[in-house]
Amino acid sequence: MAAPSKRSSRPAPVRKAWRSLTWLGVIIVGLFAVNAAGVIWGGGSWTPKLALDLEGGTQIILAPQLEDGQSASQEQLDQAVSIIRQRVDASGVAEAEINTEGNNVVVRIPGELDDQTRARIESSAKLELRPVLLAGAATTQSIDPTATPGPTDPAEGLATEPTVQPTDGSDLNWVTPALQAQYDAFDCSALDETSANVAPAADPLVTCDQDRAVKYLLGPVEVSGENIVDATNGMVQTSTGGTTGQWAVNIVFDGTGADEFAKVSTRLYGLKGQTPRDQFAFVLDGAVLSAPSMNGVITDGRPQITGQFTQESSKALADQLKFGALPISFTVQSSDTISPTLGTSQLQAGMIAGLIGLILVVIYTIFQYRALASVTIASLVIAAIITYLMITILSWREGYRLSLAGIAGLIVAIGFTADSFIIYFERVRDELRDGRPLVGAVEAGWKRAFRTVLASKGVNLLAAVVLFILAVGSVKGFAYTLGLTTIIDVIVVILFTHPMLQLLAQTRFFSSGHSWSGLDPSALGAVYRGRAQFRAPVDAGKKAAASQREAQKRQTIAERKAAAVGAGGSSDEGKES
Amino acid sequence: MASRLTTFGNDLYTGKRSFNFVGGRRKWYSIVAVLLILSVVVPLVRGVNLSIEFRGGSQFQIAGVEEAAAGPAEAAVHEVVPGSVPRVAIVGDNGVRVQTEQLSQAESREVTTALAEAYGVPESEVTSTFIGPTWGADVTRQTIVGLIAFLLLAALIMAVYFRTWKMSLAAIIALLADLVATVGIYAAVGFEISPAAMIGILTILSYSLYDTVVVFDKIRENTAEDGAESRRTFPESVNLAVNQTLVRSINTSVVAALPVAAILFIGAGALGADTLRDISLALLIGILVGTWSTVFLAAPMYSQLREGEPAIRRHDEKVRKERERAGATDGRAAVPSA
């Protein structure tokens with residue numbers, strides 16, 4: 001770039017310009033240093049992390065499944081996130097990203113996702129312990145096709161309130177005629193994986209086991225799955241320390257859970273022999289995982305489940321009990337798998353589009369602003385460098401990931417950023433047209449343009465902030481890049497574009513108004529220069545003469561100024577085209 | 001070319017050449033009204049295509065296919081879900097996209113396997129998307145909340161900055177017109193309304209107001225600097241400001257539209273870059289509509305809102321009387337040119 005011509009005298013604008021440029025240098029070097037430090041010590045990188053749509057991988061959005069009128073609290077969601085994270089980590093998947101977006105939990109896993117891991121994530125259910133009231137073989141519709149003509153509501157017209165208030169969870173008074181009818185008519189195949197089978201914790205639940213072989217009528221929730229601290233599988237130990245060769249699942253409750261479980265186990269053990277009322281059911285996602293019977297009173301909060309377990313099945317149950325203990329249950333709202341090839345091709349398309357867009361902008365600005373375009377291009381390059389560094393640092397520090405929507409935001413930002421320069425240049429040209437010398441025009445134009453740029457960029461930033469706070473998903477990523485580039489744009493215009501113009505105004509090429517400078521006063525139709533220094537009227541061609549006559553008909557301030565000095569405010573149109 | 005636009009700019013700046021944006025507002029309003037009515041009617045008649053994110057369903061994309069044809073996909077889907085009617089589209093040179101109704105997770109995986117076999121590609125090349133019907137509704141609700149919050153805040157901030165709520169009102173009305181026109185034209189083109197398109201439309205909000213603020217700032221400058229001594233009427237001052245920023249409006253709309261147009265044409269050819277394509281179409285329409293609505297709608301409307309104010313009416317009368325006394329021709333602003 002051109003250096004100031006008069007270094008010795010150093011007028012005020014030049015000093016200011018160098019100070020601004022120094023600050024800009026400090027900022028860029030600072031960002032480089034932060035990023036370099038991140039690369040060396042903090043696991044940072046010189047390239048931003050990519051989102052799944054560019055990198056390939058799987059994104060699963062889980063929506064909470066709630067009873068009517070309920071909403072999930074942030075605390076519940078956070079808890080759900082940490083539990084799902086444990087599950088994913090347990091399956092050995094690296095770099096999974098799990099967080100909340102609005103009311104939903106979003107799981108992003110790069111690379112290919114095996115079925116087992118997917119199942120672990122998707123069985124995002126709520127675990128409940130309920131006492132069994134009734135159990136029986138599952139009915140299928142072929143057995144009883146006509147008895148229930150209204151299968152949607154078999155309990156219509158029957159009493160839904162217990163006649164005698166039940167005293168505890170195992171009290172058969174819970175079984176109202178309506179509930180009995182529902183239980184009798186219940187079709188296990190209706191218990192679809194995705195459909196909700198939820199009942200309020202204080203009410204009984206009709207459901208089946210996971211194999212759809214046994215159906216149950218269960219009492220209200222006695223112990224919540226959140227109270228399970230740990231669940232492991234292991235061989236049953238005999239009192240002498242040997243093993244029986246039988247697999248079992250060992251559960252550890254927390255304090256609350258231990259107390260509650262002690263009460264239940266005392267009561268159920270008292271019902272021993274009255275099968276199925278001595279059983280309690282672990283209910284996961286509305287289906288019964290396991291319904292063991294109580295073989296003793298357990299007061300230490302460390303029950304053991306035994307049965308026909310293999311090593312695998314006991315491990316699976318232990319995992320489900322341990323990791324299935326979500327505070328609320330979820331359904332899969334969307335599941336998105338992007339192949340790595342597709343991601344790469346999208347990234348390429350985005351980059352090519354960005355590059356072509358940039359070249360087009362450069363060509364257009366050169367046409368429009370001649371040598372001044374170099375300032376625009378340099379400003380865009382500076383803005384691009386700062387944006388790149390910021391995104392890399394943010395993806396290291398804040399886990400920001402560049403998505404396709406983000407890239408679109410960046411490409412669009414090229415146009416928005418260039419607009420600040422256009423506003424500025426046009427204001428400088430306006431000042432030149434009013435007859436100011438270049439140095440004065442740059443300062444005066446800047447004052448006006450700066451105000452406009454700040455006000456308009458303020459609106460942009462407001463839009464970005466509001467969208468970022470309120471919107472979800474990809475809209476958020478887009479708002480983020482929009483806001484970031486808006487701020488960077490303002491920084492660049494203050495610390496680079498304006499200082500550069502201040503310096504260039506000192507050079508002969510620009511101040512003499514070279515026809516290629518883009519700030520040629522004669523091309524701009526300036527009427528007089530500086531204080532009372534009038535420019536000699538240029539040779540006005542036919543066209544100019546015609547326009548002059550036209551102009552006389554319509555008086556304006558500038559025209560009157562021109563008329564006052566007796567010189568035609570004509571332009572040397574056609575001199576260079 | 002450049003110098004011609006520069007000269008054009010000079011003429012606009014001095015007022016030698018002037019477009020009558022404010023005075024001829026009836027004409028511009030009617031054009032805008034017709035455009036808005038078309039924007040509402042055409043999509044209603046033709047029907048709006050909502051993307052799979054709003055309809056709910058399952059979508060599969062197969063990349064790197066040697067011979068892209070619809071047949072194998074249909075057969076593969078039928079194999080797994082006999083009753084299904086898949087929509088199969090060929091994307092780019094070697095991509096196939098299959099959309100079906102909502103499949104269960106198990107079915108979805110089976111279809112993925114079947115498609116991979118049918119096209120002879122590894123399973124990792126098959127992208128599957130499952131979208132519940134509530135997803136789109138969720139995003140839309142959040143977006144509308146964001147939209148309303150933004151409009152209220154922006155109106156308030158502009159009223160404070162310009163020290164008149166009338167600029168806010170004119171800007172917001174122009175913004176709403178932009179929204180309707182952008183959505184209307186987008187839908188008329190026949191592209192699906194996807195979340196990416198919604199992002200584009202939201203950006204338009206920001207862009208439209210941004211552009212209006214730039215022009216209004218010049219109007220504020222002109223009308224404030226002229227003060228009581230001005231020899232121009234209020235509508236003439238507004239019109240001059242719009243003309244003086246016209247070159248900027250042209251340059252800005254071109255510079256903003258160029259990169260977006262690049263995304264639109266590159267994105268359209270690439271497989272799976274629907275996000276890019278939808279976002280850029282919405283942006284391209286919105287940038288053009290947003291820039292020109294400021295000139296043809298927001299500025300005339302602002303002038304109209306202010307003209308009735310007693311102080312401005314008195315001033316305008318005085319200007320007109322002086323002109324008559326001076327025997328000069330009527331104000332430039334009333335003489336349309338070009």
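Guide: Start with handedness: a crossing is left-handed if the near helix is turned anticlockwise from the far one by less than a right angle. The crossing of H2(B) and H7(B) is left-handed. Keep in mind that this is a predicted model.

Visitor: Which residues meet where H2(B) and H7(B) pack?

Guide: From H2(B) come B:Val32, B:Leu35, B:Leu36, B:Leu38, B:Ser39, B:Val40, B:Val42, B:Pro43 and B:Arg46. H7(B) brings B:Ala177, B:Val180, B:Ala181, B:Val183, B:Gly184, B:Ile185, B:Ala187 and B:Ala188. The contact divides into 14 nonpolar, 2 polar and 1 charged.

Visitor: Why is A:Ala281 called buried?

Guide: The cut-off is 20 or more other C-beta atoms within 10 Å. A:Ala281 has 26, so A:Ala281 is buried. A:Ala281 is found in strand S10 (residues 280-284) of chain A.

Visitor: Which residues touch A:Ala281, leaving aside its neighbours within four places in sequence?

Guide: The contacts of A:Ala281 are A:Arg130, A:Val132, A:Tyr216, A:Leu218, A:Val288 and A:Ala291. A:Ser293 is 12 residues along the chain from A:Ala281, with 8.8 Å between the two C-alpha atoms.

Visitor: How much of chain A counts as buried?

Guide: The share is 47% of the 577 residues of chain A. Chain A holds 15 helices and 15 strands. Take its contacts between residues at least 6 apart in sequence: 73% join residues at least 24 apart.

Visitor: What makes a set of residues a nonpolar core?

Guide: Its members are buried, belong to a list running from Ala to Cys, and are joined through C-beta atoms within 7 Å. The largest such core here has 162 residues. A:Ala408, B:Leu115, B:Val260 and B:Ala299 have the most contacts inside that core. Helix H10 (residues 404-433) of chain A gives the most to it, with 18 residues. A second, separate core has 44 residues, including A:Ala135 and A:Phe261.

Visitor: What is B:Ala299 in contact with, beyond its neighbours within four places in sequence?

Guide: B:Ala299 contacts B:Phe21, B:Val22, B:Val215, B:Ile219, B:Val238, B:Val242 and B:Thr294.

Notes
Residues numbered from 1 in each chain as written. Chains lettered and ligands numbered in written order. Predicted model: local features only at pLDDT ≥ 70, side-chain atom pairs only at ≥ 80, totals over all residues. Buried ≥ 20, exposed ≤ 12 C-beta atoms within 10 Å, placed from the backbone. Helix = DSSP H or I, 4+ residues; strand = E, 2+ residues; numbered from the N terminus. Contact = placed C-beta atoms within 7 Å. Nonpolar A, V, L, I, M, F, W, Y, C, P; charged D, E, K, R; others polar.
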